[in-house]
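Please look through the structure shown below and keep it at hand while reading.

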Amino acid sequence: MKMLLVITTFLFVVPAHACMDRQVRFGFYASFKPVSYSSGTGAHLGYEADLLTALEAVSGGRLSFSRQGITAWKDIWLRPAGPDLDMAGGGITILESRTRDRAGRRAIVFTAGHIEFRQSLLVRREDAGRLARYEDLGGQDKVGVMPGTTGEARFLELTAGARPRVVQLPDETALIKALAAGRIDAVAGADTGNRFASRESKGALVVTALDRQVEKGGFALAARHAALAACLNRHIAHVTGSGRIGYAEWLDDPEVFIRQARKGR
């Protein structure tokens, strides 16, 4: 047992230079506003964009991210296992199943979770009382989801007895437009995006049915980049104040990560 502990400790000693003097090729899902999204010119914006900029700052410029927007969500977490990317983000929930490729081989490692997701419903204000809980949904209700997400899977778990009509749409923008236009009755998704959409609508859309289950989101890297992931974890701990500063604090003050990065450099 003592020998096992020594070996385990040795394997997790990360060289100080593991993520220094390095440009990381980062691909992000480009339609998860405000967590991670592309501007009209392709610039990376949102919570994750500001977090990565803070990671660059805390490294003193020795770490940088070359950012590429990706429009397809399906299996985005596996992209770093290929030749084109080192790291992927865009609001990816950390799941053991997402660390393995289609053949079942371990292909991906995640950084520590830096954001929390709770599932929720986004509804029109006039429907807030009628659709306050998942149990209130019935067969007459149409609920929009983004296919292939943990949000869709959790929604189907929560409504197994209600059987509302599920409408699959490709991204957050399409879901919110369909809700505002009355084509669907609710959007099932993470409270991060739903709360932002509610704020942007100036109260015309509201968040209901907040799930008690919490999921953690992180960045995905190829398994061969485990040392890089561990080094990034140290920087993430610094700019988030060891988890004290997160999405809610960023939403109130988008400069919070960069100010934290400049402390103690």
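On a 1 Å grid over the protein atoms alone, a cavity is a set of points where a 1.4 Å probe fits but cannot get out, while a pocket is an open set with protein on both sides within 12 Å along at least five of seven lines, and lining residues have an atom within 4 Å of a point. Grid points are joined across faces, edges and corners, and a volume is the space filled by probe spheres set on the points. By this rule there is 1 cavity of 30 Å³ or more, and the largest cavity holds about 250 Å³ of space. This is a predicted model, in which local features need pLDDT of at least 70 and side-chain atom pairs count only at pLDDT 80 or more, whereas totals for chains, interfaces and linings use all residues. Residues are numbered from 1 along each chain as its sequence is written, and side-chain values use heavy atoms, with hydrogens and water left out.

The lining of the largest cavity is made by 23 residues, and Phe32, Thr149, Gly151, Glu172 and Ala190 lie nearest its centre. Helices (H or I, at least four residues) and strands (E, at least two) are DSSP runs, numbered from the N terminus, and strand 11 gives the most to this cavity's lining, with 4 residues. Sorted by class, the lining of the largest cavity has 10 nonpolar, 9 polar and 4 charged residues, where Ala, Val, Leu, Ile, Met, Phe, Trp, Tyr, Cys and Pro count as nonpolar, Asp, Glu, Lys and Arg as charged, and the others, Gly among them, as polar.

The largest pocket has a volume of about 520 Å³. Of the 26 residues that line the largest pocket, Ile115, Glu116, Gly246, Tyr247 and Ala248 lie nearest its centre, and the largest share of the lining, 5 residues, comes from helix 5. In the lining of the largest pocket, 11 residues are nonpolar, 7 polar and 8 charged.

Helix 5 is mostly covered, with 7 of its 10 residues buried, and buried means under 20% relative accessible area, exposed over 50%, and partly exposed in between (1.4 Å probe, protein chains only). These buried residues of helix 5 pack against several elements, including strand 8, helix 4 and helix 7. After helix 5 comes Lys202, whose phi is positive, near 60°.

Strand 8 (residues 115-124) contains Val123, which is buried, with a relative accessible area of 0%. Leaving aside its neighbours within four places in sequence, Val123 is in contact (heavy atoms within 4.5 Å) with residues that include Leu131, Leu179, Ala204 and Val206.

Helix 2, residues 47-58, reaches 17 Å from its first C-alpha to its last, close to the 16 Å expected, the expected span being 1.5 Å times one less than its number of residues.

Which two residues form a disulfide? A disulfide is a pair of cysteine sulfur atoms within 2.5 Å, and Cys19 and Cys231 form one, with their sulfur atoms 2.1 Å apart. The pair links distant parts of the chain, with Cys19 in the loop between helix 1 and strand 1 and Cys231 in helix 6, 212 residues apart. Cys19 and Cys231 are buried, and their link is left-handed, with -55° about the S-S bond.
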